[in-house]
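Colleague: Please walk me through this model one feature at a time. I'd like the general idea first, then the case at hand.

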Amino acid sequence: MDRVQLVLLGLPILLFCSDVVTLFAPLPPPGPGPDRGPHAFQPGAESSSAADASAHVEPQVDGTGSGTTVDFKFCASCSYRGTAMTMKRMLETSFPGIHVVLENYPPPFPKRALSKAVPLLQFGAMATLMAGDQIFPRFGMVPPPWYYSLRANRFGTMASIWLFGNFAHSFLQSSGAFEVYCNGQLVFSKLSEQRFPSELELQELIGSRIPDSQIVENLEKDLVLEKDLVLDDVDADDAMRD
């Protein structure tokens with residue numbers, strides 16, 4: 001086997017090993033927050049941290065969507081995040097003050113369990129292909145004819161195992177879901193409709209579930225705020241005239 005074949009054979013093995021390490025590696029510890037530094041635990045730091053936290057709190061926006069929560073549960077491995085972000089910006093523009101949450105919708109448990117087993121099957125198939133002459137006799141078996149035919153094209157067989165294994169792993173991790181919940185109630189399901197909602201359709205679905213009393217209350221707040229601003233302007237004009 002020349003150097004080119006060794007490189008082409010080692011590339012799938014290297015990528016497969018990296019997939020296995022990434023799959024079973026523990027999650028990294030959470031990093032320090034933006035206001036935590038090497039002197040975060042010095043005396044007197046609690047008060048400064050509390051002051052910084054209060055200074056960075058965003059003001060609550062009162063609008064037609066205040067008090068309404070919309071959950072987008074989508075398939076992250078299906079590249080649906082871009083669609084979810086577009087819908088999120090549309091709702092935040094149409095209903096100021098609305099709270100939109102993006103979450104991953106995992107596949108069913110059998111598919112998740114099978115997706116965990118795919119790397120193990122890949123490793124077992126590659127190990128059998130590389131050392132089948134020693135593995136089969138240990139179990140009292142004679143290597144079957146198909147083993148020698150696959151071993152004759154070792155590079156192509158290992159590349160096929162790696163490619164089909166990754167395809168199966170991606171398929172088992174996908175759920176194909178794009179579910180929309182408004183205040184805990186399902187308003188649209190891609191799993192049932194087999195399509196994505198349009199922006200106008202989603203806007204109507206969410207708008208119809210915002211309580212009328214809440215809209216009236218927010219409008220009254222806006223009118224009171226505008227009235228206060230007008231009175232402040234009038235008082236400022238009177239003060240300048242005096």
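Colleague: At 40% relative accessibility, how does Asn-183 count: buried, partly exposed or exposed?

Modeller: Buried means under 20% relative accessible area, exposed means over 50%, and partly exposed is in between (1.4 Å probe, protein chains only). With its 40% relative accessibility, Asn-183 counts as partly exposed. Please keep in mind that this is a predicted model: local features need pLDDT of at least 70, side-chain atom pairs count only at pLDDT 80 or more, and totals for chains, interfaces and linings use all residues. Residues are numbered from 1 along each chain as its sequence is written, and side-chain values use heavy atoms, with hydrogens and water left out.

Colleague: In which sense do S1 and S3 pair?

Modeller: Two strands pair if DSSP finds at least two bridges between them. S1 and S3 pair in the antiparallel sense over five bridges, and in S3 the bridge partner of Val-70 is Cys-182. S3 and S4 are antiparallel too, over four bridges, with Glu-179 standing opposite Ser-189 in S4. S1 and S2, in contrast, run parallel and are joined by six bridges; Asp-71 stands opposite Val-101 in S2. Between them the chain crosses from S1 through H3 to S2, and this β-α-β crossover is right-handed; that is, with the strands pointing away from the viewer, the path from the first strand over the helix to the second runs clockwise.

Colleague: Which residues of H3 are buried?

Modeller: An α-helix has 3.6 residues a turn, so residues three or four places apart point the same way. In H3 the buried residues are Ala-84, Met-87, Lys-88, Met-90 and Leu-91. They cover an arc of only 165 degrees around the axis, which puts them on the same side of H3; the arc is that of the directions from the helix axis to the C-beta atoms. The cover over these buried residues includes S1, S2, S3 and H8.

Colleague: And which are the buried residues of H8?

Modeller: They are Leu-202, Leu-205 and Ile-206. Their arc around the axis is only 95 degrees, which puts them on the same side of H8. Leu-200 and Glu-204 are exposed on the other side of H8. S1, H3, S3 and S4 are among the elements that cover the buried residues of H8.

Colleague: Which residues touch the most other members of the largest nonpolar core?

Modeller: A nonpolar core is a set of buried Ala, Val, Leu, Ile, Met, Phe, Trp, Tyr and Cys residues joined through side-chain atoms within 4.5 Å. The largest has 21 residues, and Val-70, Phe-72, Leu-91, Phe-178, Val-180, Leu-202 and Ile-206 touch the most other members. S1, H3, S3, S4 and H8 each supply at least two residues of this core, and H3 gives the most, with four. A second, separate core of five residues includes Met-126, Leu-129, Ile-161 and Trp-162.

Colleague: What is Ile-206 in contact with, leaving aside its neighbours within four places in sequence?

Modeller: Contact means heavy atoms within 4.5 Å. With those neighbours left aside, Ile-206 is in contact with Val-70, Leu-91, Phe-95, Ile-98, Val-180, Cys-182 and Val-187. For the chain, among contacts between residues at least 6 apart in sequence, 71% join residues at least 24 apart.
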